[in-house]
Amino acid sequence: MANRSVGEFILLAFLLCHAAAFSPPSLGLGALFFRPQGMKTKPSLGDDATLRQAATFFTDAFWANKVGGGIKELQPNQRKSLLGSQTTEFRRRYGRGDRTSELFICRNGKDEVMGCCGIEVDNISDNGLKGNVLKQAPLMSNLAVGRDFRRRGIAEDLVKEAEELVRKNWGFDEVYLYVEKRNKAAVRLYQKLGYKKFWEDDSASTLLPLKTGSLRQVTTTLVCMKKRLGLGLLGRFLSF
């Protein structure tokens, strides 16, 4: 794995975490008529048990059948390794005392986790991951929706909750995110929600679980997208 640990790639996955974890936007009939009963989205508030449960959910929802040719079902050794690193990463990012980071969890009436989405204030570079730091701003990540709950408006609901927290509680008027360019479903979702390309970086890398049981480092093109908040539909037609 090119001398990189799984933990390091979990950090990269934090940046690339919009891969195969959800389907294209469901702002129409699916969201209106097929929303799960009792659906509710709440912040984790740094609760360790909630973060551990979310890490378990995310490992299966994101890493299995990953965009780029990943296997449909993780093998036990892959899942164990990824789950351990994912749990550590969630605790580090969302379990800290300050409230400039949060992980939202969406559940149904049976208390099953259907999706999650993270938001935190982080450094934003001006051109690629290795570019100069431009500012500190909200960065959305770790958006995932379970296979059985896709096309029901869950991703949109999670994004909305993150955006409202950023604008109303943290006082920011913009949100950034990273997404793999080859993940066309995710790119379309964000575009529909008002996000626009800020820059591309074709030197990024991520992990890909293989049938052999290994985790391979592969190159990918990363797209940084940005949205100005509080503009409504008008924001989709305005430049930065």
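# A friendly tour of a predicted chain

Of the 240 residues in this chain, 55% are buried. The model you are looking at is predicted, so keep that in mind as you explore. The chain has 6 helices and 7 strands, and reading along the sequence gives the pattern α-α-β-α-α-β-β-β-α-β-α-β-β. Among contacts between residues at least 6 apart in sequence, 74% join residues at least 24 apart.

- Strand E7 covers residues 215-228 and pairs with strand E5, residues 174-180, through 7 bridges. These two strands run antiparallel.
- To find one spot in this pairing, look for Glu180, which stands opposite Leu222 in E7.
- Strand E7 also pairs with strand E6, residues 196-209, through 11 bridges, and again the strands run antiparallel.
- One place to look here is Trp199, whose bridge partner in E7 is Cys224. Cys224 counts as buried because its relative accessibility is 0%.
- E6 and E7 form a hairpin with 5 residues between the strands, and in this hairpin Gly213 takes a positive phi near 95°.
- Leu177 is found in strand E5. Its relative accessible area is 0%, so Leu177 is buried.
- Leu177 and Asn142 are 35 residues apart in sequence, while their C-alpha atoms are 10.0 Å apart in space.
- Here is a general idea to carry along: in a regular strand, the side chains alternate between the two faces of the sheet.

**The largest nonpolar core**

- The largest nonpolar core has 31 residues, and the members that touch the most other members are Ile119, Met140, Ile154, Val179, Tyr190 and Tyr195.
- Several elements each supply at least two residues of this core: strand E2 (101-107), strand E3 (113-125), strand E4 (133-145), H5, E5, helix H6 (184-192) and E7.
- Which element gives the most to this core? Helix H5 does, with 7 residues.
- Leaving aside residues up to four places away in sequence, Ile154 touches Pro36, Met39, Cys106, Met114, Gly115, Val145 and Phe149.
- There is also a second, separate core of 21 residues, which includes Leu51, Phe58, Leu74 and Leu83.
- As a general background point, nonpolar side chains tend to be buried together in soluble globular proteins.

- Asp157 lies in helix H5, which spans residues 154-169.
- Is Asp157 buried or exposed? With a relative accessible area of 17%, Asp157 is buried, because buried means under 20%.
- The side chains of Asp157 and Thr41 are joined by a polar contact of 2.5 Å.
- Not counting residues up to four places away in sequence, Asp157 touches Arg35, Met39 and Thr41.
- Gly153 lies in the loop between E4 and H5. Its relative accessibility is 5%, so Gly153 counts as buried.
- Gly153 and Phe34 are 119 residues apart in sequence, yet their C-alpha atoms are 8.5 Å apart in space.

**Aromatic rings**

- How many aromatic pairs does a search of the whole structure find? The search finds 7.

**Cysteines**

- A search of the whole structure finds 0 disulfides.
- Cys117 is in no disulfide, and the nearest cysteine sulfur, that of Cys116, is 7.5 Å away. A disulfide would need the two sulfur atoms to be within 2.5 Å.
- Cys117 is buried too, because its relative accessibility is 0%.

Key
Residues numbered from 1 in each chain as written. Predicted model: local features only at pLDDT ≥ 70, side-chain atom pairs only at ≥ 80, totals over all residues. Heavy atoms only, no water. Buried < 20%, exposed > 50% of the residue type's maximum accessible area, 1.4 Å probe, protein only. Pairing = 2+ DSSP bridges. Helix = DSSP H or I, 4+ residues; strand = E, 2+ residues; numbered from the N terminus. Polar contact = N/O pair within 3.5 Å; in protein donor to acceptor, adjacent residues only side chain to side chain. Contact = heavy atoms within 4.5 Å. Phe/Tyr/Trp six-rings, centres within 6.5 Å; stacked < 30°, edge-to-face > 60°. Core = buried A, V, L, I, M, F, W, Y, C linked by side-chain atoms within 4.5 Å.
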